[in-house]
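Subject: A structure for you to look at

Hello,

Here is the structure I promised to pass on. Have a look at it first, and then read my notes below.

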Amino acid sequence: MRATFANIYMGNLRNNIEQVRNQLNPGVKLCIPVKADAYGHGAVPVAHMAVECGADYLAVAAVSEGVELRKAGITIPILVLSLPQPSEFIEIIENHLAPSLCDSELIRMLNVTATAMGRKIPVHLKVDTGMGRIGCSPDEAADLAQLIANSQGVSLDGVFTHFAVSDSLLPADVAYTKKQIETFTQVVDTIRQLGIEPGLCHAANSSAVFEYPESHFDMVRPGLVIYGYYPGDITESYLNGGSSKVKAPVHLKPLMDVRSSIVAIKQVKKGESISYGRQWVAQEDCQVGVIPAGYGDGLLRRYGENLEVTINGKPYPVCGRICMDQCMIYLGVDSKVSRWDEVIIFGPAEHGALQSAQDIASKAGTISYEITCGIAQRVPRVYKDE
């Protein structure tokens, strides 16, 4: 196997699902997003484990992601979160996927295709309560629900929305999220007043699962927390510090660690430079290690010298620009590091890592989602039942 690889700890996935379940009232369903290859962790293995752990729904972003899961033997409902193309309608119908719809044109077009195929497929009506992305306006929702209810080829399986700032504890953002919840509740009530059953009502993302129990409705869609990371201001210390609304203590465990090894050690003299652009120059005679991982593997060039790796339980910084396939590690003047020593780039502390994806994200000015999603397909995933 290649020197650079990722371990995926499936026991941590089970733990994180349980942590979410502990916050839910009986009867609230669990939809686990496995879009973007399960945030870089591998959609098919994660989906199978999610089903084993009792997930009621899975969510994907693309029709092709849903088809991949069906081919892998996944049979539970799959929600497609992004809007479908007309050219994907037949695949949606044949693979029993539940598409998101939010306008009359798509509803009518899909209805025509499904009716011609002699099928009736479930759809979820997306309502934009303040995210400003896709979704109908709250004022349009009841009419669109009526259109679906009157259609022969589609049925209303759910109504949902998405929060914009539920991971923020700023007073203005808390008020905004509460307004989104209020608006969504009014939309659902209006649909019911027309005598239409809205199906599964769902809104809560990772942060709302913990911070806004009133948003759980019939189903929740936690993403990031399933993969072991806390969203925004909703940190572990906040959740367990007595200031939040959690029903039980929360301890999430990251699923992924990324490892490599020292494939070469260079003796570098004072004044010599390392890597492209000669941005790093040795301040003394020292040793520099080389690992076969670079931005082609997901270690983005912009991480630069903010990135530290773990070798034999100690932190060592990257030196010089990260290359496509390799990067260099400053080992110091009198290093005890040897060729072939294992390198942990990031991962859970319980497995020896000194930094997590969140640590890298904080230094790079991004979010942990981007770190895990960015680990390239050429990095082998090794699934461990730990």
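Which residues do ring pairs link into a cluster? They are Tyr39, Tyr227 and Tyr369. Rings of Phe, Tyr and Trp (its six-membered ring) pair if their centres lie within 6.5 Å.

Before the details, please note that this is a predicted model, where local features need pLDDT of at least 70, side-chain atom pairs count only at pLDDT 80 or more, and totals for chains, interfaces and linings use all residues. Residues are numbered from 1 along each chain as its sequence is written, and side-chain values use heavy atoms, with hydrogens and water left out.

**The rings**

Searching the whole structure gives four aromatic pairs. One of them, Tyr39 with Tyr227, is stacked, at 4.6 Å centre to centre and 25° between the planes (stacked means planes under 30 degrees apart). Tyr39 sits in helix H2 (residues 35–39) and Tyr227 in the loop between strand E9 (219–220) and helix H10 (236–239), so this pair ties together parts 188 residues apart in sequence. Helices (H or I, at least four residues) and strands (E, at least two) are DSSP runs, numbered from the N terminus.

Tyr39 is buried, with a relative accessible area of 7%, and Tyr227 is buried too, at 1%. Buried means under 20% relative accessible area (1.4 Å probe, protein chains only).

**Two helices**

Pro138, Ala141, Ala142 and Ala145 in H7 meet Thr183, Val187, Thr190 and Ile191 in H8 (contact means heavy atoms within 4.5 Å).

Enjoy exploring!

Key
Phe/Tyr/Trp six-rings, centres within 6.5 Å; stacked < 30°, edge-to-face > 60°. Buried < 20%, exposed > 50% of the residue type's maximum accessible area, 1.4 Å probe, protein only.
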